[in-house]
Amino acid sequence: MKQSSSQRWRQSIRRNAGMLGQRALIVVAALLVATILVIICGFDWVSVFEGIGGAIVHDITGTLRWFTPLLLTGLACAIAFRAGIWNMGADGQLYMGAILATAVALRFQTLPPAILLPLVFITGMLAGAAWAAIAGFLRIYCGAKEVVTTILFNYVAFHFTDFMVHGPLKGSGGYALSESSDLIPESIWLSKIIPESSVTTGLIIAACLVVVCYMLTTKTKFGYENRMLGTNSAFANYGGIHVRRTYMTTITISGAIAGLAGVIEMLGVHHHFAMRFSNNLGFDGMVVSILANDSALGVPISAFFFSILRNGSYNIERMSDVPRTLVTVVQALVILMAGSKFVFKHTNLKEKLAGLMKPKAAAGSGQGESHE
């Protein structure tokens with residue numbers, strides 16, 4: 001019996017509401033445990049929540065500044081994790097996208113902005129996609145696990161960009177630019193949505209990409225193949241899905257989105273490539289995706305939460321002696337709590353407990369008979 005569209009919508013709403021409730025519980029539990037740790041260490045826990053609240057009430061523009069890159073890196077990780085591809089290299093892909101976008105912007109700065117701006121965006125996305133595709137190629141044809149290769153490629157990307165900044169792209173300005181490139185032409189800087197802030201049209205691009213990713217993963221053939229690959233690759237292959245092609249397409253799209261995050265950081269915030277400009281945006285994107293349960297619609301909510309934490313951490317450090325690394329503790333707790341479902345799912349805890357109890361009962365009955 002076929003379900004009506006209204007029934008499907010109600011089921012979808014209930015399912016999403018349940019997932020949102022679980023995620024909210026994880027956030028509350030993580031903050032509660034972090035608060036207990038703060039109290040045990042002798043810090044003022046009230047100032048922690050005042051700092052986090054200030055990131056919303058008094059400095060929302062600072063929160064939105066971090067929201068854009070976390071939204072993009074979260075989407076990059078989500079589309080890969082959904083397919084069971086552990087792309088841990090969002091940081092490296094972001095760096096490669098940023099450095100090559102900067103190189104193109106400086107090399108062809110005489111081009112009209114209408115040509116140069118799309119060229120810079122395309123170059124950055126292709127750079128991130130190509131960097132991720134190398135790991136995909138090694139996984140498919142050499143059997144190298146992407147969880148290892150993508151982490152290693154992060155460090156290759158870091159040192160490659162260091163070389164570029166100290167060599168071909170070394171800035172010609174004063175001391176402030178001694179470890180960065182020259183400024184990108186101002187004609188292709190992203191426009192500010194909010195004056196005197198770092199909130200640019202990159203936020204609109206990221207918001208549009210959320211819709212694109214949602215449609216791609218839920219309304220297309222690729223979305224179905226992506227989900228089946230993450231559920232069971234052997235079953236997907238048996239069902240006629242081209243596993244290798246889907247794998248390469250997924251990890252390439254993931255890298256392209258991470259590269260786009262690097263481009264927007266260059267054009268919207270920094271306007272030049274500075275050494276190690278990204279403060280673990282790729283790693284934070286992984287946490288964003290995990291909390292969002294790899295859902296394109298859940299990523300914005302998760303990204304906004306971590307943007308508040310990141311911006312609030314600076315307020316916390318200014319207002320009290322609580323270290324900014326408290327945010328890292330909260331992130332670790334979120335990963336542990338969100339990942340616990342996989343532990344219980346694959347360890348069959350109930351069966352193991354039942355197996356442990358049976359020998360004890362048998363041993364007890366045996367002892368009773370021998371005593372008689």
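**Helix α3 beside helix α10.** At roughly what angle do the axes of helix α3 and α10 cross, and within what distance do they come? The axes of α3 (residues 60–81) and α10 cross at roughly 170° and come within 7 Å; axes are lines fitted to C-alpha atoms, for helices over the stretch in contact, and angles run from 0 to 180 degrees between N-to-C directions. The two helices are therefore roughly antiparallel (angles under 35 degrees count as roughly parallel, over 145 as roughly antiparallel, 65 to 115 as roughly perpendicular and the rest as oblique). Residues of α3 in the contact include Leu-72, Ala-76 and Ile-79, and those of α10 include Ile-257, Ala-261 and Ile-264. By class, this contact has 14 nonpolar, 5 polar and 2 charged residues; Ala, Val, Leu, Ile, Met, Phe, Trp, Tyr, Cys and Pro count as nonpolar, Asp, Glu, Lys and Arg as charged, and the others, Gly among them, as polar.

This is a predicted model, in which local features need pLDDT of at least 70 and side-chain atom pairs count only at pLDDT 80 or more, while totals for chains, interfaces and linings use all residues. Residues are numbered from 1 along each chain as its sequence is written, and side-chain values use heavy atoms, with hydrogens and water left out.

**The whole chain, for orientation.** The protein chain has 14 helices and 0 strands; helices (H or I, at least four residues) and strands (E, at least two) are DSSP runs, numbered from the N terminus. Of its 372 residues, 45% count as buried (under 20% relative accessible area, with exposed over 50% and partly exposed in between, using a 1.4 Å probe and protein chains only). Among contacts (heavy atoms within 4.5 Å) between residues at least 6 apart in sequence, 76% join residues at least 24 apart.

**Helix α4 meets α10.** Here the packing angle is about 50°, with the axes of α4 and α10 7 Å apart. These helices are therefore oblique to each other. The crossing of α4 past α10 is right-handed; a crossing is left-handed if the near helix is turned anticlockwise from the far one by less than a right angle, and right-handed if clockwise. Among the residues that meet are Gly-97, Ala-98 and Ala-101 in α4, and Gly-255, Gly-259 and Gly-262 in α10. The contact of α4 with α10 divides into 8 nonpolar, 7 polar and no charged residues.

Buried residues of α6 include Thr-149, Phe-153, Ala-157 and Thr-161. The buried residues of this helix pack against α4 (90–107), α5 (113–142) and α10 (243–270).

Ile-184 lies in the loop between α6 and α7 (202–218). Its relative accessibility of 2% makes Ile-184 buried. Not counting residues up to four places away in sequence, Ile-184 touches Thr-102, Ala-105, Leu-106, Trp-189, Met-266, Leu-267 and His-271. Ile-184 and Ala-103 are 81 residues apart in sequence, with their C-alpha atoms 9.0 Å apart.

**Loop residues with positive phi.** Glu-196, also in the loop between α6 and α7, has a positive phi of about 55° although it is not a glycine. Glu-196 is exposed, at a relative accessible area of 82%. Arg-276, in the loop between α10 and α11 (281–291), has a phi near 50°. With 39% relative accessibility, Arg-276 counts as partly exposed.
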